[in-house]
Amino acid sequence: MRAPRNWWVALPVLFGLFFVVPLLGLVWFALTEGDVASELRSSATWEALRLSVLTATLTLVLAVLLGTPLAYLLAASEAGWARLTATLLDLPLVLPPVVSGIALLTVFGRRGYLGDPLSEAGLTLSFTTAAVVLAQLFVAAPYYVRAAYAGFAAMDPRFEGVAYTLGLSRWRTFRSVTLPLVWPALAGGAVLCWARALGELGATLLFAGSLPGRTQTMPLAILSAFESNAGLAGAVSIAVILVAFALVLMVLLHRASTPSGAYR
Amino acid sequence: MVAERPLVPITRRRWRSGAAGLVLLAAVFLLLGGCGDAHTIRVLAASSLQDVLPEILDDYAEAHPETTFQVQFAGSQSLATQIELGAKADLFISANAQQFARLEADDLVGERTVIATNRLVVAVPHGSAIERVEDLARSGIRIAITAPDVPAGVLTEQALALLDFAIAEEIRAGVVTEDPNVRIALSRLELGEVDAAFVYLTDVEATADLRSIDLPSALGPNSYVAGVLESATADVADLLEHFTSDAAAGIWRAAGFEPVEVR
């Protein structure tokens, strides 16, 4: 028998299976050992899911509103500080999220540099839903900024130059020339950012705590279930609900972010 | 830049890398497999025993110099899960009787022995104005407790139920987080993010700058239960007895645990 010419295809297929099989294993484990149905009926699960979606979406909105101008600025600038800032923005990707949580506490915590004067003014951040968003923003926004930065940096600046010579305003140029060119990068970064925010655990736990209805997002509910008597089975049951939900939303997001509307 | 390889005959190079591979493999097996010999006792213990257990084991080893220990600490829940998934060890010490019962139901562990108990208290910083449990009811006090279905959380609920209803409600209103375990609740106190935390007496004893406030005396203790695992290869009967011996009692007490009176 002759080896098929495209033998190398086995490699990416195997790599694909490396991701798919454990996920199927998780689902199988939850269906056989866990009790997904009872978790679906539990209002606590829905409360955690609602909070997760709300906070991850707020995080994404903030990341896009604040991150897009930052990425544009960094990509447009040739200065050393811009490179340095871009590098610093990658750091939260390396930090274990628990460490990010401690870093946030040193600033916004009750004894933090900003948290102390803020709490004097009667405003506390830690243990609030706002703290969940800040934790997610710190951990997840770099994914968006990184992607947007790469998109802006790869764009040929002559396109914008031509638009200016044709008399287009800065805003009009950005909207009709720049944005369509970098759209795939921005959309990809947005999906990454939203997904990372949805899965955020460590920084949220440290900075925002874990209180059902206020700060307990899905990952925290999963951790809580794991440490409780529900144990592994309980944790996995909640986890597959999160996975199923995220899968549906990711497919929708991918569709929405592909300009032609086709799912490729 | 291309690094030049040293001019070593291919066969020797192969031999070298082969030998290196073998050494590495052997090291990995040694580390993973530990040892099967009867003088090594493999213990899986609840993480709250991290400070006290090594002391007791050292004490035991003085009388039994041939014995060595391999101890792994983790949450009782994680350990029970690992055992269910096939982790091999001789002795399991759980801080959570329900996790122990889970393994009993699957015949993964033998008879249970209570080796010590621990008490739930309210931990506050040394300088705190909080003197009694009732002081927690004041407004603006931030409190960390553990989730209602971990042992410490169950005890917290029981403690609150023993208090005056109105006061208990005020205390509940001050709860800002229901943490997955006691360590996290404790770390919030150390970070200054909360004013008080419902943790074990032993946690307070092990942490500088904290003092404990007693909860109603009607509140029961949390028991540490030990049992021989089904996968055991070493004889641990002696060690189990040592845990409840007079010699160990002093060590338990010094760390804030209550030793178990035997016979």
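Is Ala37(A) buried or exposed? Ala37(A) is exposed, because 10 other C-beta atoms lie within 10 Å; the cut-offs are 12 or fewer for exposed, 20 or more for buried and partly exposed in between, with C-beta atoms placed from the backbone. Here are some notes to read beside the model.

1. A word on the model itself. This is a predicted model, in which local features need pLDDT of at least 70 and side-chain atom pairs count only at pLDDT 80 or more, while totals for chains, interfaces and linings use all residues. Residues are numbered from 1 along each chain as its sequence is written, and chains are lettered from A and ligands numbered from 1 in the order in which they are written.

2. Back to Ala37(A). This residue sits in helix 2 (residues 36-41) of chain A.

3. Chain A overall. You will find twelve helices and zero strands in chain A; helices (H or I, at least four residues) and strands (E, at least two) are DSSP runs, numbered from the N terminus. The C-alpha trace of chain A spans about 80 × 65 × 30 Å along its principal axes. Of the 264 residues in chain A, 38% are buried. Among contacts in chain A with a separation of 6 or more, 74% join residues 24 or more positions apart; a contact here means C-beta atoms, placed from the backbone, within 7 Å.

4. Helices 8 and 9 of chain A. The axes of helix 8 (residues 157-165) and helix 9 (residues 170-199) of chain A come within 10 Å and cross at roughly 160°. The crossing angle makes helix 8 of chain A roughly antiparallel to helix 9 of chain A, a term for angles over 145 degrees. From helix 8 of chain A, the contact uses Phe159(A), Glu160(A), Ala163(A) and Tyr164(A), and helix 9 of chain A supplies Thr173(A), Val177(A), Thr178(A) and Leu181(A). These contact residues divide into five nonpolar, two polar and one charged.

5. Where chain B meets chain A. Here 17 residues of chain B are in contact with 19 residues of chain A. On the chain B side, helix 3 (76-84) and strand 7 (175-179) are the elements that give two or more residues. Strand 7 of chain B gives the most, with four residues. The chain B side that touches chain A divides into six nonpolar, seven polar and four charged residues.

How values were computed
Contact = placed C-beta atoms within 7 Å. Nonpolar A, V, L, I, M, F, W, Y, C, P; charged D, E, K, R; others polar. Axes fitted to C-alpha atoms, helices over the stretch in contact; angles between N-to-C directions. Parallel < 35°, antiparallel > 145°, perpendicular 65-115°, else oblique.
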